[in-house]
Amino acid sequence: MKAYHVGNPALIMPLGLLVPLGLFYVYIYAQGVDVDTARYTYDLFFPKMDDVDFWTIWADSLGKFDKINFSAWSATLADQAIMVIVILLDCMLKISSTENKLPVKTDKDYEISLYGAGNALVAASGSTVGYMQLKFNVINYGVMGNVHDRRGGVIYAILCGVGFFWTIQHFNYLPRFFLSALLFFAGAGFVAENLWGSRKYLSGMEWLEILIILAVFIISGELLPAVVVGMLLTALSFVVKYAKVPAIAGKPLRGSEVATPLRKSDLVMQRLQHALGTWLLVIKLKGFVFFGSVKGVTKMVAGRMEQEEADCVPLYRRLKFVIFDCAQLDGMDVSAAKAFKKLVSEAKAMHVQIIFTSVDAARADEMKRREIITNDKEWSTELSFAVHHVQKQARNYIEAVVARWLTLSPAFQLHDDLVRTQMTFEPFASILTSDASRFGCPWRYCGRMNIKKHQTLLWEPFDRHPKLYLVHSGTVGIYAKVPAVDNEEAWDSPLAVYQQGSFLNLEMLAHRRNRAAAVALSDGELVCWSMDQWYRMSRERPMMAKAILQSGMRQSMQDGEAAAVVPPVGYAPRELNMMMEQLRTALGLAVKGFFEALSPDEDVTFPPMPQPLRKDLVTAFRTYCERGEQKIRPESVSKALMYAGVFGTQLTLGNRPGFSEAEFLAIGQEATMARLSARQVKTLEELFERFDEDNSGFLQLEEQRTAIIYMTGNPDIDCDQVDGIAAGWASTCQLDKVGSPLVDRSTYLAIMSRFIKKHESAWCVLKAILEVVDGLDVMGADSLNTARTMEDRDLNALRLTPARLAECLEKMDAASAAAAAAAADGTQNGGAAGEDPMQRAAEMLWVANWRTDNKTDAMDIAGLLAAVTPLGQHDFEMKALPERPPREALEAGPEANDAGTALGSAEGLVCDLRYEHALEAVMAGGAGRGGRRA
């Protein structure tokens with residue numbers, strides 16, 4: 001009834017005790033049997049107990065050692081030690097169970113202390129220790145109806161006091177079955193709650209362990225054997241269970257899946273992650289690693305290394321780095337330490353470096369003592385530091401392979417040189433990509449700032465910093481709090497790391513406070529804009545401000561994305577898409593004959609450059625010229641052109657001492673505009689007439705775009721690039737009713753001349769790609785016919801196969817061997833290649849083919865284009881930012897009037913890459929074919 005909560009406990013419990021006792025006495029008296037007869041004749045009572053004064057236990061023991069059985073005491077010492085543990089555990093379990101059953105919260109420390117004091121008093125009085133049972137707490141709560149009333153405890157204490165200080169004769173009148181039932185009721189709680197009741201919460205094996213311990217106790221009759229068996233079973237169960245629990249948090253991560261604070265362009269990051277996905281394995285250890293769980297960790301790494309060895313996987317595709325992150329590791333036993341030591345030794349033999357991260361100096365010393373690590377390169381305080389180390393190794397390797405790709409063609413070397421030259425000069429390569437965004441000289445609106453490693457603090461958390469930054473060289477880290485300058489080893493891992501081409505403090509544009517601190521991690525230089533400079537640029541050069549803002553938004557969105565998201569198959573980053581768009585446009589122009597070399601004796605049309613670009617060139621000249629002579633030195637011409645935003649110009653200046661402003665502008669004209677033959681002019685005029693639907697003699701911008709799309713055959717052409725070129729002539733054009741510029745014939749020719757010139761280097765790269773991929777003879781004089789054979793072919797469908805690449809490498813080896821033999825007066829050197837061309841081709845394709853599933857299969861043109869694109873420049877290769885133009889360069893002064901004469905003399909100073917063998921001559925450092933009459 002109590003268990004099922006039937007009736008009021010205050011009534012049910014007394015009746016359950018007194019009614020059976022009353023019925024017993026009614027029965028025996030009805031039979032005419034008294035208590036003594038029932039006790040001694042019918043054995044219905046226990047033997048009669050005599051009263052003993054409560055002070056007897058002290059009177060007969062204190063000072064009377066002859067009455068103490070020390071042998072019995074010493075024999076129970078083991079049981080006493082076990083008893084202390086058992087009663088403590090019993091106390092804690094009973095307290096916890098009471099809180100679960102009753103609406104009460106106990107102060108466990110106070111309760112256990114009180115329990116200990118009570119047991120000490122009870123033991124001194126010659127009684128047994130123990131803690132109140134759960135069922136009695138529940139009964140008391142059921143009777144009293146609350147957890148605050150102390151009357152139940154007071155009554156219990158009074159009854160105990162009566163029995164201890166006065167008499168126990170009332171127990172002689174309780175029948176045997178009654179006392180036995182009370183004893184059974186007191187002990188049934190253990191069976192019902194701890195043994196039988198626990199089956200709901202324990203597994204079958206755990207419950208069986210409890211039954212085995214109980215059986216040992218019953219059979220032996222002693223507590224110690226049961227405890228020993230219990231400890232053995234517990235130890236065995238622990239080993240079996242925790243050996244099944246992996247010592248690894250989550251699944252092992254490939255290098256491409258590890259989040260890194262490094263922020264670079266998508267193109268660079270995807271190429272790095274491709275290599276890291278194979279080279280790097282990150283395993284996060286957790287808990288305590290012991291002999292039962294360490295095998296699963298070491299077997300995973302050793303198994304992969306052995307499998308790669310058995311499968312004869314090429315060295316460049318094997319595992320090279322294993323990082324064990326110990327952030328969640330509690331420790332390891334001796335067996336686990338020996339297993340890790342063996343793994344490290346085996347890994348070194350197979351050229352695999354193992355690094356332990358999230359390790360402090362104390363743990364590192366312990367691991368060195370155990371010979372798990374042997375030097376400081378094998379451990380790191382942060383996971384990101386170790387990943388950065390692996391990224392540097394991957395970058396060096398990829399750059400070495402890129403160097404192999406560049407040897408396939410001079411055009412690839414030219415492309416690499418152009419990209420690197422702009423990187424070293426300025427950080428605007430991927431920002432100011434159109435002519436319109438570049439007009440106006442960005443150096444007029446920005447400042448420069450030098451940064452020092454671990455010394456320059458750009459801003460602190462929650463600062464409202466008034467400047468926007470763009471990294472040109474060096475590295476800047478973003479931290480949650482300002483690191484301690486005096487203890488660089490204690491620096492936390494940065495939240496983000498920014499390098500060249502990355503913006504800092506984009507919050508300035510949104511008038512928001514920064515949430516973190518920015519600290520220089522290496523020496524370098526930043527471009528910076530104050531708020532006033534930004535407002536001025538927005539007013540005077542809105543297209544420039546728009547391009548910077550768009551680039552900042554792209555970076556902000558990229559920062560907000562997951563750092564280790566694996567891109568889908570065929571994914572092409574923005575930079576690669578832009579380069580592919582230039583190749584498609586260059587092919588369309590080549591098909592129409594716009595990259596044909598001009599005959600020396602034919603008349604040409606040479607449209608003038610746009611006025612904004614001319615003004616920028618004047619500013620550049622006056623910035624770099626010698627103040628006294630008003631001439632620019634030959635070594636400064638290239639810098640001045642880049643200052644004005646003209647990149648990729650191949651100059652053949654000879655030994656001239658200097659150039660006047662008119663001569664420099666003529667060089668700029670040659671560098672930015674393409675000379676047009678009569679046939680090319682005729683083709684353009686036919687296109688003009690075709691798209692001048694109203695025969696007005698003007699083209700609207702939409703018609704201009706349509707004409708260019710038709711001419712290039714590239715419907716995906718970037719309209720911003722087309723409009724950006726046309727914007728150079730907007731100030732000289734008439735306007736329609738809605739204010740849009742109208743392009744006449746002469747302006748149309750000038751726009752197309754600039755458009756053709758901008759894609760000249762792209763055509764050189766495309767010719768090299770076509771020669772490598774298909775073996776087409778596009779480097780000779782018949783390039784037009786070859787281009788026309790490509791007119792109906794999709795560039796995206798072209799594939800470079802391993803066999804074709806190996807064939808190109810064999811030709812290079814033969815050419816190198818012939819050159820070496822000629823240089824050695826005919827002595828053979830055994831060939832240029834020491835490795836099979838197919839193996840080299842497979843390695844080069846694997847490194848470059850990061851966009852497809854099959855990493856060594858044929859590669860598309862986009863992959864080849866990315867393969868010959870550098871990953872970036874190192875800080876030691878960077879040059880100082882150009883200075884702000886001086887005041888006299890910005891003032892409107894008269895320009896030289898000998899432009900016509902200078903224009904004629906400048907024709908041979910700029911290499912026209914449309915001529916046969918011009919590219920080879922440029923890469924060889926010769927004069928090449930600078931112009932029609934060079």
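Q: How many of the 14 residues of helix 12 are buried?
A: This is a predicted model, in which local features need pLDDT of at least 70, side-chain atom pairs count only at pLDDT 80 or more, and totals for chains, interfaces and linings use all residues. Residues are numbered from 1 along each chain as its sequence is written, and side-chain values use heavy atoms, with hydrogens and water left out. A residue is buried under 20% relative accessible area, exposed over 50% and partly exposed in between, using a 1.4 Å probe and protein chains only. Helix 12 is mostly covered, and the number of its residues that are buried is 13.

Q: How many helices and how many strands are there in the protein?
A: Helices (H or I, at least four residues) and strands (E, at least two) are DSSP runs, numbered from the N terminus. On that basis, the protein has 37 helices and 17 strands.

Q: How is helix 12 oriented relative to helix 16?
A: Two packed helices are described by the angle between their axes and the distance between the axes. Axes are lines fitted to C-alpha atoms, for helices over the stretch in contact, and angles run from 0 to 180 degrees between N-to-C directions. Helix 12 (residues 266–279) and helix 16 (residues 383–406) pack at about 110°, with their axes 9 Å apart. Angles under 35 degrees count as roughly parallel, over 145 as roughly antiparallel, 65 to 115 as roughly perpendicular and the rest as oblique, and helix 12 and helix 16 are therefore roughly perpendicular.

Q: How many nonpolar residues does the contact of helix 12 with helix 16 have?
A: Contact means heavy atoms within 4.5 Å. Residues of helix 12 including Leu272, Leu276 and Trp279 meet residues of helix 16, among them Ala394, Tyr397 and Ile398. Ala, Val, Leu, Ile, Met, Phe, Trp, Tyr, Cys and Pro count as nonpolar, Asp, Glu, Lys and Arg as charged, and the others, Gly among them, as polar. Besides 2 polar and 2 charged residues, the number of nonpolar residues in this contact is 10.

Q: Which residue has its C-alpha atom 7.6 Å from that of Trp405?
A: Trp405 has its place in helix 16 and is buried, with a relative accessible area of 1%. Beyond its neighbours within four places in sequence, the contacts of Trp405 include Phe412, Leu800, Leu845 and Val868. The residue with its C-alpha atom 7.6 Å away, 439 residues apart along the chain, is Met844.

Q: How is helix 28 oriented relative to helix 29?
A: Helix 28 (residues 719–726) and helix 29 (residues 745–758) pack at about 130°, with their axes 9 Å apart. The angle makes the orientation of helix 28 to helix 29 oblique.
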